[in-house]
Amino acid sequence: MTAVATPPKKALVSKPVHEQDERSAHLDFNRITDEQFQAAADHMKLEKEIQLLLRTPYRELVVQIPVRMDDGRLELFHGYRVQHNGVRGPYKGGIRYHPEVDLGEVRSLAGLMTWKTALVDLPFGGAKGGVSCDPGKLSRHELQSLTRGFTQKIDMALGVYRDIVAPDAGTNPQVMAWIMDEYGKKHGYTPAIVTGKPVALGGSLGREEATGRGVTMITAEACKAYGMNLRGAKVAIQGFGNVGSWTAKLIAELGAKVVAVSDVFGGIFRPEGLDIEKVFEHIKKTGSVVAMHGTQSIDNEQLLALDVDVLIPAALGGSIDRDNADNVKAKLIVEAANSPVTPRAEEKLNQRGIHIIPDILANAGGVTVSYFEWVQNLQQFHWSLEKVNEELQLRMLQAWKRVYERSTSGHAKLPLRTAAYCEALDKVAQATRHRF
Ligand code: NAD
């Protein structure tokens, strides 16, 4: 979590309201993921009954969270936990803290978790949670009260073999530690109730960087498959939080030239490549990537339109839509964020032959190492960092291979997203048929 990340009013998700489908003040993410689901379900000729079961969430919890603020005021927050599908195992998914969180967005993200865990073959279902709040504006004390209050309100839906939470945008290992602590007050010491917690509390080595590491692994494989050389490739990354910053660091270590990065306040560009360690130092001093010495200032729209080989949206959903898709010059887009490319944008990008690695594949590294963390907690046995990274690599590359082969094996080439959904739907549908 970047505590300083307070979105300005007109952020990625707040675009002019003149068309309802892709330029609404609040994108309908549920409709976006529904459309992606449908494309795969139609392609597979999935039975209507199974479609209905798979697209309908099992359970949706909406809670109020009253918090006594530092100035004595009582503020009422709204929290959500959606358990989308549990046919393959306990529900699993992160908790997002952001002002624009609502039930529709959480529902959509919960569905993505079902497909993601199935795609990388983890014995989990899918869930997501969130609280509509601006973590950058809360004091540490308020954030802790909010987190403990939220945990109490969703407690009845959680469980080590029922529903396990994790970090997402706006939350971090500290928030996970408070959740574990609050849950433990009622149920006793239960580290496996939450993943992405600090290593000192039973977190896994390698979890913090896992999503970025997975993004890097998949980008490297995609470059090989599409005849691109990652070494020396120009890369632009939107969003410099957990996922974006780790991706920048790890992809630069593989020899890629990260020429631009951004956060909610704006971006920086250096055609010769940024020194990522210096970007970290700059953030430490100023709280943002903006205005780093020796770089050109750009905004988030300019970053998306840069002449780069690889574009990695790693902020929030809906950043590439039908209005700016034509500006994209990258040959490869890797969806590190969830739902950064809208369906209309995707059609345009597909027509131009731009490859898109879908979110459920690209950013599955986080939930994969969350699974390893859960396993370690249950076994009370810690893995080395080497083992975590080896197992992560194995899972990610297997998933990439299955998706890529499915996308290229038919008569007509299938978009990677549809191929990834088909892989995931196959698994969830099969488990569903056995149960009904
Ligand atoms: P984070 O809160 O750590 O960082 C978010 C970053 O995006 C920050 O740099 C913030 O300033 C920037 N940002 C926010 N609003 C923006 C805007 N309007 N324009 C440009 N930049 C903006 O979040 P994170 O954990 O890195 O998650 C980022 C994305 O990755 C989310 O879509 C999340 O769902 C997805 N994801 C995260 C994980 C994980 O393990 N953390 C796993 C899978 C997917």
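Colleague: What makes N389, L392, Q393, M396 and L397 contacts of M217?

Modeller: The cut-off for contact is heavy atoms within 4.5 Å. In this predicted model, M217 touches N389, L392, Q393, M396 and L397, with residues up to four places away in sequence not counted.

Colleague: Where does M217 sit, and what C-alpha separation goes with G365?

Modeller: M217 is in helix α6, residues 210–225. The C-alpha atoms of M217 and G365 are separated by 9.1 Å, and the two residues are 148 residues apart along the chain.

Colleague: Why is M217 called buried?

Modeller: Buried means under 20% relative accessible area. M217 has 11% relative accessibility, so M217 counts as buried.

Colleague: Why is S108 given the label buried?

Modeller: The relative accessible area of S108 is 1%. The limit for buried is under 20%, so S108 qualifies.

Colleague: Where is S108, and which residues does S108 touch?

Modeller: S108 is placed in helix α3. Not counting residues up to four places away in sequence, S108 touches F29, N30 and T33.

Colleague: How do you know that the contact between S288 and D263 is polar?

Modeller: A polar contact needs a pair of N or O atoms within 3.5 Å, with one able to donate a hydrogen and the other to accept it. The side chains of S288 and D263 make such a contact at 2.9 Å.

Colleague: Which residues does S288 touch, and in which loop is S288?

Modeller: Leaving out residues up to four places away in sequence, S288 touches D263, F265, H282 and I283. S288 belongs to the loop between α8 (276–286) and β9 (296–298).

Colleague: Is S288 buried or exposed, and why?

Modeller: S288 has 9% relative accessibility, so S288 counts as buried, the limit being under 20%.

Colleague: A291 is in the loop between α8 and β9. Why is A291 called exposed?

Modeller: Exposed requires over 50% relative accessible area. A291 has 54%, so A291 is exposed.

Colleague: What is noted about phi of A291?

Modeller: Phi of A291 is near 65°, a positive value in a residue other than glycine.

Colleague: What is noted about phi of D121, and where does D121 lie?

Modeller: D121 is not a glycine, although it has a positive phi of about 60°. D121 lies in the loop between α3 (103–119) and β4 (126–132).

Colleague: Why is D121 called partly exposed?

Modeller: The relative accessible area of D121 is 37%. Buried means under 20% and exposed over 50%, so D121 falls in between and is partly exposed.

Colleague: Why is G170 called buried?

Modeller: G170 has 17% relative accessibility, and the limit is under 20%, so G170 counts as buried.

Colleague: Where does G170 lie, and what C-alpha separation goes with Y80?

Modeller: G170 lies in the loop between β5 (163–167) and α5 (173–187). The C-alpha atoms of G170 and Y80 are separated by 15 Å, and the residues are 90 residues apart along the chain.

Colleague: Where is A305, and which residues is A305 in contact with?

Modeller: A305 is in the loop between α9 (300–304) and β10 (310–313). With neighbours within four places in sequence left aside, A305 is in contact with N327 and K329. The C-alpha atoms of A305 and A330, 25 residues apart along the chain, are separated by 8.0 Å.

Colleague: How many disulfides are there, and by what cut-off?

Modeller: A disulfide is a pair of cysteine sulfur atoms within 2.5 Å. By this rule the count is 0 disulfides.

Colleague: Why are C223 and C422 called buried?

Modeller: The relative accessible area of C223 is 1%, and that of C422 is 0%. Each value is under 20%, so C223 and C422 are buried.

Colleague: Which residues come nearest to the ligand?

Modeller: R96, D168, T211, V243 and N338 come nearest, of the 26 residues around the ligand. By class, the shell has 13 nonpolar, 9 polar and 4 charged residues.

Terms used:
Residues are numbered from 1 along each chain as its sequence is written. This is a predicted model: local features need pLDDT of at least 70, side-chain atom pairs count only at pLDDT 80 or more; totals for chains, interfaces and linings use all residues. Side-chain values use heavy atoms; hydrogens and water are left out. Buried means under 20% relative accessible area, exposed over 50%, partly exposed in between (1.4 Å probe, protein chains only). A residue is near a molecule or strand if one of its heavy atoms lies within 4 Å of it. Ala, Val, Leu, Ile, Met, Phe, Trp, Tyr, Cys and Pro count as nonpolar, Asp, Glu, Lys and Arg as charged, and the others, Gly among them, as polar. Helices (H or I, at least four residues) and strands (E, at least two) are DSSP runs, numbered from the N terminus.
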